[in-house]
Amino acid sequence: MPSLILEGGTLRPIFSSGVMDALLDHDIMFPYVIGVSAGISNGISYVSKQKQRNLQIMKQFRNDPRYIGYRNFLRNRSLFGLDFIFDEIPNQHIPFDTDTFHRYTGQVLVGVTNAHTGLTEYMDGQKADRAWTMMRATCAIPVYFPAIEINGNHYYDGGITDPIPIRKAIADGHEKHLIVLTQPKGYIKPASKANKAVAQLLKRKYPMLVEPLLTRHLKYNETVAFCEQLEREGKAVLIRPEYKLNSFEKDYAKLEASCNHGYELAQNKIEDIRSLFQ
């Protein structure tokens with residue numbers, strides 16, 4: 001059976017939400033969904049079959065300082081309002097359909113980076129707690145987020161060590177894949193001064209994170225090339241935007257346009273996507 005692979009990218013995965021909305025409109029439900037950061041955070045609304053839920057969240061809360069704002073550092077050492085995003089929104093404002101989510105019979109895997117080992121771990125999304133602690137962990141960009149503690153271990157953004165978890169899907173026995181990227185074709189991730197600074201900042205407390213941070217761009221570019229090879233071999237369908245979106249985009253019109261763009265591209269490839277199940 002095929003897998004659905006979701007890249008992160010802060011607000012860029014609103015594009016991926018459009019792709020998943022198209023899947024829902026065509027009653028296409030993948031039996032295995034894996035991703036990191038906001039990719040899988042948005043992906044759970046696909047599993048709960050809540051079309052446009054992620055877009056609705058952006059419309060209502062993107063420019064709400066409780067969602068993103070420097071005052072949040074005073075509350076939880078994060079640019080993002082962790083309790084607001086992962087507790088208040090899904091449990092009060094835009095309810096998450098927990099019942100439908102738990103009726104899903106497939107696998108949902110959430111990639112996180114263990115800050116102590118520098119390795120990726122994959123958590124069972126259907127075992128998430130009410131506060132969505134594992135989703136906080138997979139979205140925990142160093143400096144913007146604190147490390148998130150789960151069972152005595154500290155975790156950061158899964159995209160640090162496995163930005164596009166295609167090899168995990170293959171290791172789990174899946175031979176065909178829908179891979180949703182959030183950067184346009186031809187994008188080459190550069191070495192980042194920010195990652196060097198973060199590695200320097202964290203090296204005493206989490207020395208095993210230094211190498212993954214410094215080589216993150218190499219892992220990303222190699223993985224994209226691997227995905228493209230799978231596409232050439234007929235083992236994957238790649239969907240990615242035709243233009244860049246700012247990771248911290250504030251303009252709702254641009255966020256909505258990106259979501260619609262993902263929807264349209266998925267519509268154009270819907271028969272290719274169906275063929276993954278054959």
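Helices (H or I, at least four residues) and strands (E, at least two) are DSSP runs, numbered from the N terminus. The model is predicted: local features need pLDDT of at least 70, side-chain atom pairs count only at pLDDT 80 or more, and totals for chains, interfaces and linings use all residues. Residues are numbered from 1 along each chain as its sequence is written, and side-chain values use heavy atoms, with hydrogens and water left out.

UniProt positions are given in the numbering used here, feature names are shortened, and annotations may be inferred rather than shown by experiment. The span 4-170 is 40% helix and 17% strand. Its end C-alpha atoms lie 11 Å apart.

The unreviewed UniProt entry also places the feature "active site" at S37 and D157. They span 121 residues in sequence, yet no two of their C-alpha atoms are more than 6.0 Å apart, so they gather at one spot. S37 from this set belongs to the lining of the largest cavity. S37 lies in helix α2, and D157 lies in strand β6. S37 is buried (under 20% relative accessible area, where exposed is over 50% and partly exposed is in between; 1.4 Å probe, protein chains only). Its relative accessible area is 5%. D157 is also buried, with a relative accessible area of 5%.

Contact means heavy atoms within 4.5 Å. Leaving aside neighbours within four places in sequence, S37 is in contact with G8, G9, T138, C139 and D157. D157 touches S37, T113, A137, T138, C139, A140, I141 and R216, again not counting residues up to four places away in sequence.

A cavity is a set of points where a 1.4 Å probe fits but cannot get out. A pocket is an open set with protein on both sides within 12 Å along at least five of seven lines. Lining residues have an atom within 4 Å of a point. Grid points are joined across faces, edges and corners, and a volume is the space filled by probe spheres set on the points.

The structure holds 5 cavities of 30 Å³ or more. The largest cavity has a volume of about 420 Å³. Its lining comprises 23 residues, of which S41, N42, Y67, I85 and F86 lie nearest the centre. Helices α2 (37-47), α3 (53-61) and α5 (82-93) are the elements that give two or more residues to this lining. Of these, α2 gives the most, with 5 residues. The lining of the largest cavity divides into 17 nonpolar, 5 polar and 1 charged. Here Ala, Val, Leu, Ile, Met, Phe, Trp, Tyr, Cys and Pro count as nonpolar, Asp, Glu, Lys and Arg as charged, and the others, Gly among them, as polar.

The second largest cavity has a volume of about 60 Å³. Its lining consists of S17, M20, D21, L24, N42, S45, Y46, Q50, Q52, R53 and N54. At least two lining residues come from each of α1 (14-25), α2 and α3. The largest share, 4 residues, comes from α1. By class, this lining holds 3 nonpolar, 6 polar and 2 charged residues.

The largest pocket has a volume of about 690 Å³. Of its 29 lining residues, T10, I141, K189, N195 and R216 are the closest to its centre. The elements that give two or more residues to this lining are α9 and α11. The lining of the largest pocket has 14 nonpolar, 10 polar and 5 charged residues.

About 220 Å³ of space lies in the second largest pocket. Residues lining this pocket include R77, F145, H154, Y156 and K205. Strand β6 and helix α9 are the elements that supply two or more of its lining residues. That lining divides into 9 nonpolar, 1 polar and 2 charged.

Helix α11 covers residues 216-232. The expected span of a helix is 1.5 Å times one less than its number of residues. In α11, R216, H217, Y220, N221, T223, V224, C227, E228 and L230 are buried. The buried residues of α11 pack against β6 (153-157), α8 (166-171), β7 (177-180), α9 (193-202), α10 (210-214) and β8 (236-239). Just after α11, G234 takes a positive phi of about 80°.

Definitions and conventions: 1 Å grid on protein atoms, 1.4 Å probe; cavity = no way out; pocket = protein on both sides within 12 Å on 5 of 7 lines; lining within 4 Å.
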